[in-house]
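Trainee: I would like to go through the labels attached to this model and ask what each one rests on.
Mentor: Fine. Here it is.

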Amino acid sequence: MATIISPTCFIFIPMMIILSSLCPITTLCATVLEDLKNLHKPQDFNTTIFNNCLKNPSLRYCNSSPMIDLDEIFKYTIVASHLCNESNNPNCVESFPKIDLRNRPNIASLYLSFTFFWKYCPLTILSIDFSNNSVKGSFPNDVLYCTQIQSLDLSLNEFSGEIPIESFSPLTNLTFLNLSYNCFSESEVPDSQFFKKFNSSSFLHSGALIDHKKFTIKAIILLVGFPILVILMVIFLAWICFQRPDFLPRIFHSRSKFTPAILKAATYSFSKENLVGKSDIVHIYKGVLRDGTEVKIEMYWDDISRDSYHKFVEECQILSELDHKNLVKFLGWCKGRKFRAIITEWTKDENVEMWLLREAPSWNHRVKVLMGVVECMLYLHDEWPEVDYDLKTSSVLLSDNHEPLISRFQVGDRNNSRKKICKFGVFLLEMILNKSIKEEFDGNDAGFLSYMRTLHHAELQHMIDERMDLNETTLHQVKQALSLGLMCIDQSNNEHPSLAQIFNIVSKAYKANLVKGHKRVQFR
C-alpha cells in the first residue's frame with residue numbers, strides 16, 4: 001500500500017496513526033494482496049479499536065455483531081489505505097472523501113470483492129465511481145453498505161441480473177445515480193418510490209427499464225407471429241397426419257394404410273438401387289420403413305375405377321388381418337394419384353422350386369415344408385375361407401429356418417375348397433417327383449396337371465426324385481403321399497380328401513420321421 005490513513009480519516013480514528021508507522025506516507029508499499037498477507041497488527045491495535053468505539057460508537061465496526069472481529073478490522077484498514085491512494089484522494093492522511101476507480105479494470109473487480117471493507121465502509125466516503133471497467137457479474141450489493149454516499153456510478157460495465165431495489169432504501173443522501181450501459185434484467189425500477197427522483201438518463205441501455213419501443217415490437221410480433229405460428233403448426237400437423245403418419249404414435253394412425261410420402265421415404269425417392277423388379281404395369285421395390293422394418297412394395301401403374309379401388313381397399317383390409325407363421329405378412333396398401341401399391345414384409349428370394357433343385361433335400365425336410373403349408377391352409381380354411389392362394393413351388397418361399405411362406409394370396413370365392421385341394425395335390429407331386437417331369441411342360445401348369453391325371457400310381461413311383469435317398473419307412477410314406485396327391489387332383493368323382501384328412505396324413509409322416517435307423521432302399 002502507498003500510505004496509511006491518518007486518524008482524521010474514518011471519523012478521526014487514532015489507530016490509523018499507529019498503522020501508518022508500518023508504511024510511511026512517502027513510501028510506495030507492496031500491493032494490497034501482499035499487505036493483507038504479510039502485515040500484522042501492532043501490539044496496541046486492540047486497545048486503539050476499543051478506545052475508538054468508546055469515543056465514537058457510531059463507527060460501523062463498533063456495531064458489528066455478535067462481537068468485534070479485530071482481524072477483519074485490521075484487514076479493512078489495509079484495504080482502506082490502498083483504496084484511498086488508488087482513488088487519487090489529495091491527502092489520505094487527512095481525508096477519504098471518494099472511491100474513484102473508473103477506467104481501472106485491472107483492480108476494480110478486486111476491490112469490489114473485499115466484503116469486509118464494504119461492511120465497515122468509512123463514513124467520510126461520499127462518492128463511489130466504478131464506471132467503465134467492463135466488470136461482469138451480478139449487482140455489487142456490498143457497495144450499498146455505504147449508506148451515507150451521495151453519488152454512485154456503475155455505468156459502462158457488464159453487470160447482469162436484478163437490481164436490488166429494496167436495498168437502495170437506506171441511501172437517503174443519494175442524489176446522483178448512473179447504472180447506464182449494463183445488462184440488468186427488466187424490473188419495476190420506475191415504479192419504485194426511491195428511484196422516482198432519478199430520470200431515465202440514470203438507466204440508459206441498462207436493460208432495467210422497459211423499452212416501450214421494443215415492447216411494442218414484441219407485442220406486434222406476438223400478436224401477428226403467434227397466429228402465424230399456430231397456423232404453421234396446424235399445417236405441419238395436418239401434413240404429418242395425412243402424409244407421414246408414421247411419425248405419430250401407433251395409436252394415432254392406421255396400421256395398414258400407407259401414404260405415397262411414406263413409400264417415397266422408404267425407397268429413397270423410388271431410387272433405381274431399390275428397384276428389384278419391373279414390368280409394364282408393376283414395379284417392385286425394396287424399402288425400409290421408419291421403424292427399420294424391411295418391406296417389399298409392389299406398385300401397380302394402372303388406372304382403375306372408383307368401384308374397383310373400393311373393392312381393392314376392402315380386400316387389402318381383409319389381407320392385413322391375416323396372421324400365420326407360414327404366410328408372408330401383409331402390411332398394408334397405398335393409393336397414389338397414378339398408382340396403387342401393396343406392402344408386404346421383405347423375404348429372401350429363395351422359393352421351394354429353387355431349394356429342391358439346388359439342395360436335393362431329404363424326405364424329412366420336404367415333409368416339414370408340407371406340414372407348414374397344410375397348417376397354413378387349415379388356418380385360412382377355418383378363419384378366412386374367402387382368401388385364395390397360390391401353391392406352386394415357384395411361389396412358396398422359404399424363410400431362413402426353411403419354414404414355407406405362402407406369398408401369393410387374394411380374396412376370392414369362399415366355395416372353392418376343391419380347387420384349393422387340387423392346388424395342394426399339384427404342390428405335393430412337385431415336392432416328390434423329378435424336376436425334369438415338370439420341365440417338360442415348360443411352365444404349362446394345365447398340361448402338367450392333365451398329364452398327372454393320366455398316370456397310374458405304379459407309373460408315378462418310377463418318377464420319384466432319387467436324390468431323397470429313401471429307407472423302407474420313408475419310401476412307404478412317399479408312396480402314401482403319391483396316392484394322396486393323385487386323390488387331390490382327381491376330378492373323375494366328387495369325392496376328394498378333406499383338409500383335415502390331408503393334415504392327419506402329413507402330420508403322421510412328419511412325426512414318424514423323428515424315428516431313425518431304418519434300412520435304406522434304392523430306386524431302379
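Trainee: How many salt bridges does a search of the whole structure find?
Mentor: The search finds 20 salt bridges. Keep in mind that this is a predicted model.

Trainee: What makes aspartate 129 and arginine 102 a salt bridge?
Mentor: The N to O distance between their side chains is 3.9 Å. The cut-off is within 4 Å, between a side-chain nitrogen of Lys or Arg and a carboxyl oxygen of Asp or Glu. The pair of aspartate 129 and arginine 102 therefore counts as a salt bridge.

Trainee: Where in the chain do these two partners lie?
Mentor: Aspartate 129 is in strand β2 (residues 127–129), while arginine 102 is in the loop between β1 and α6 (105–112). They are 27 residues apart, and the pair links distant parts of the chain.

Trainee: Why is aspartate 129 called buried?
Mentor: Its relative accessible area is 10%, and buried means under 20%. Aspartate 129 is therefore buried.

Trainee: And why does arginine 102 count as partly exposed?
Mentor: Arginine 102 has 45% relative accessibility. Exposed requires over 50% and buried under 20%, with partly exposed in between. Arginine 102 therefore counts as partly exposed.

Trainee: What of lysine 392 and aspartate 390: how do you know that they meet in a salt bridge?
Mentor: Their side chains come to 3.4 Å, N to O, and the limit is within 4 Å. Lysine 392, at 30% relative accessibility, counts as partly exposed, whereas aspartate 390, at 15%, counts as buried.

Trainee: Which arginine also forms a salt bridge with aspartate 390?
Mentor: Arginine 408 does, with the closest N and O atoms 3.8 Å apart. Aspartate 390 sits in the loop between β13 and β14 (396–398), and arginine 408 in the loop between β15 (404–406) and β16, so the pair ties together parts 18 residues apart in sequence. At 47% relative accessibility, arginine 408 counts as partly exposed.

Trainee: Which residues are linked in a network of salt bridges?
Mentor: Lys348, Glu350, Arg358, Glu359 and Asp400.

Trainee: How much of the protein chain counts as buried?
Mentor: Of its 524 residues, 45%.

Trainee: Now the open space. What is the volume of the largest pocket, and which residues are closest to its centre?
Mentor: The volume is about 870 Å³. Of the 31 lining residues, Lys296, Glu298, Tyr300, Ser407 and Arg408 are the closest to the centre. Two or more lining residues come from each of β10 (294–300), α10 (306–319), β12 (340–345), β13 (387–389) and β16 (409–411). By class, the lining has 13 nonpolar, 7 polar and 11 charged residues.

Trainee: What makes a space a cavity, and how many are there of 30 Å³ or more?
Mentor: In a cavity a 1.4 Å probe fits but cannot get out, whereas a pocket is open. The count comes to 3 cavities of 30 Å³ or more.

Trainee: Which residues are closest to the centre of the largest cavity?
Mentor: The largest cavity holds about 150 Å³ of space. Of the 15 residues that line it, the closest to its centre are Leu356, Glu430, Leu433, Asn434 and Lys435. α11 (352–359), α13 (417–432) and α14 (435–439) each supply at least two residues of that lining, which divides into 6 nonpolar, 2 polar and 7 charged.

Trainee: How does the lining of the second largest cavity divide by class?
Mentor: That lining has 9 nonpolar, 2 polar and no charged residues, around about 100 Å³ of space. Its residues include Trp363, Leu428, Gln477, Gln480 and Ile505. The elements giving two or more residues are α12 (363–383), α17 (472–489) and α18 (499–512). The largest share, 4 residues, comes from α17.

Methods:
Residues are numbered from 1 along each chain as its sequence is written. This is a predicted model: local features need pLDDT of at least 70, side-chain atom pairs count only at pLDDT 80 or more; totals for chains, interfaces and linings use all residues. Side-chain values use heavy atoms; hydrogens and water are left out. Buried means under 20% relative accessible area, exposed over 50%, partly exposed in between (1.4 Å probe, protein chains only). On a 1 Å grid over the protein atoms alone, a cavity is a set of points where a 1.4 Å probe fits but cannot get out, and a pocket is an open set with protein on both sides within 12 Å along at least five of seven lines; lining residues have an atom within 4 Å of a point. Grid points are joined across faces, edges and corners, and a volume is the space filled by probe spheres set on the points. Ala, Val, Leu, Ile, Met, Phe, Trp, Tyr, Cys and Pro count as nonpolar, Asp, Glu, Lys and Arg as charged, and the others, Gly among them, as polar.
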